[in-house]
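This briefing goes through a protein model for a reader who has its sequence and coordinates at hand.

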Amino acid sequence: MFTTNYLTRALAAATALSSLAIAAPVTQNQKRSMSSAKFNFNGEKVRGVNLGGWFVLEPWITPSIFEPWATSQTAVDEYTLCAALGQDAALSTLQAHWNSWITQDDFTQIAALGLNFVRIPIGYWSISPIEGDPYVQGAYDVLAQALDWATAAGLSVMVDIHGAPGSQNGFDNSGRRGGIGWAQGATVDQTLTALNKLKADHGSHPALASIQLVNEPMIPTIGRAPVEAFYTTGYNDIVDDTLVVSLHDGFVGSGSWNEFLPGQANILMDTHHYEVFDQGQLGMSPDAHVGSACAFGASIATNTKSTISGEWTSSITDCAKWLNGLGVGARYDGTFDYNGVGSSYIGSCAGKDVGSVDALPEDYKTTLTRFTEAQLDAYEEAQGWIFWCWKTESAPEWHFQNLTAAGIIPQPLTARKFPGQCN
């Protein structure tokens, strides 16, 4: 079954928010055991960043790569980029990108900021390519190097299958924008082949603390049963005493997985919290954004499985150039237009679509600081957080490195200009 991705994302966001329910807190000894894991999940909060746009391209993270197709929109994701360039040119372009976008110095900087975790998205095609796909290979060799860099920096790593065969959500960050074809034909078996190779090659690496079976499977479209079956097989294939299996909630709420695989150890739930992909959320006041984040953190803290917010952002707009897809526009300024669905104007995207953190207005920086600090507090009520993402070419509200330099993300990470917002 196929669906349009950005409308589905908005629906999924609304579904996830509506599923929040505050229950009695779950104490740490009630969580599923992860006592032998390489990372001390039972005693330490996850504080990390996603290395987005590195091994799976996203036009909004590195728009310079996609700029030649801004008008024609021939290339809108990694699949169509490789097809448009051809194998030789695609390999040359992507090898240069893989070797420069993230380097060992980034890992050193990440650790120096007090972070202890990185999440590295990768596509199935880099691990176990399928004949006939236009993708090019080489990122998997750089991943091996990245694990060594993480060890040298004292960082733990989650590798997630960000793109699955057929696309598990239709987002451009799955490698192929448009329809959802995963969980049909051989696609699940092909995903398991990639996962098992990843474990065989790197499962014993001291930095690899977790493997995420698949990023953001769109359960409202795919259905829950095939995802549960895949998660069960994937968990049994991948888990061991030291390797934790991460499961994304599939946009049906992380608490809905409390009774899944009962009694099994080394499971980490992952849920993603954004307040920018829905017209109603975009219109919320700063106080409402803070309250929503705090409520979300309180909710996931009640889960019976340890849970992280594995993607979130300081942003309160969808203004970043091509965030919703190349050529789609933003809901915030009323330019969103995808498959005949538009949006209404909330505010200007000037300085928020492209630009620097330093150039943002001071009162807006204060709003971002409040929202960021509330999220840090909220997600640490549960197991912790992984920010999306470490850096971008030009999207100021999503650039952890620059947001930290500007004082919007605190240093140390426990410092607060606005303490107690979630109390």
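**Surface, fold and cysteines**

The protein chain exposes about 14,400 Å², of which carbon and sulfur atoms supply 51%; accessible areas come from the Shrake-Rupley method with a 1.4 Å probe, and for residues only the protein chains shown count as cover. This is a predicted model, in which local features need pLDDT of at least 70 and side-chain atom pairs count only at pLDDT 80 or more, while totals for chains, interfaces and linings use all residues. Residues are numbered from 1 along each chain as its sequence is written, and side-chain values use heavy atoms, with hydrogens and water left out.

**Overall form**

- The protein chain has 14 helices and 8 strands, where helices (H or I, at least four residues) and strands (E, at least two) are DSSP runs numbered from the N terminus.
- The radius of gyration of the protein chain is 20 Å, close to the 22 Å that the globule rule gives for 423 residues, so the chain is as compact as a globular protein of that length; the radius is taken over C-alpha atoms, and the rule is 2.2 Å times the number of residues to the power 0.38.
- Along its principal axes, the C-alpha trace of the protein chain spans about 55 × 50 × 40 Å.
- Of the 423 residues in the protein chain, 58% are buried, a term that means under 20% relative accessible area, with exposed meaning over 50% and partly exposed in between (1.4 Å probe, protein chains only).
- Among contacts in the protein chain with a separation of 6 or more, 76% come from residues 24 or more positions apart, contact meaning heavy atoms within 4.5 Å.
- The 21 positive and 41 negative charges of the protein chain have mean positions 5 Å apart; Lys and Arg count as positive and Asp and Glu as negative, without His and the chain ends, and each charge is placed at NZ of Lys, CZ of Arg, CG of Asp or CD of Glu.

**Disulfides**

- The structure holds 2 disulfides, each defined as a pair of cysteine sulfur atoms within 2.5 Å.
- C294 and C422 form one of them, with their sulfur atoms 2.0 Å apart, and the pair links distant parts of the chain, 128 residues apart, with C294 in helix α12 (residues 286-300) and C422 in the segment after α14 (400-405).
- The torsion about the S-S bond of C294 and C422 is about -80°, so this disulfide is left-handed, and C294 is buried at a relative accessible area of 9%.
- C319 and C349 also form a disulfide, their sulfur atoms being 2.0 Å apart; both cysteines lie in the loop between β7 (307-311) and α13 (362-379), so the pair ties together parts that are 30 residues apart in sequence.
- With a torsion of about -75° about its S-S bond, the disulfide of C319 and C349 is left-handed, and both of these cysteines are buried.

- When the bonded cysteines of the protein chain are numbered in sequence order, the pairing is 1-4, 2-3.
- C82 is in no disulfide, the nearest cysteine sulfur being that of C389, 20 Å away, and C82 is buried with a relative accessible area of 1%.
- C389 is likewise in no disulfide, the nearest cysteine sulfur being that of C319, 16 Å away, and C389 is buried with a relative accessible area of 0%.

**Surroundings of F230**

- F230 lies in helix α10 (residues 224-238) and counts as buried at 1% relative accessibility.
- Leaving aside residues up to four places away in sequence, F230 touches W182, V188, T191, L192, L195, L213 and V214.
- The C-alpha atoms of F230 and L213 are separated by 8.7 Å, the two residues being 17 residues apart along the chain.
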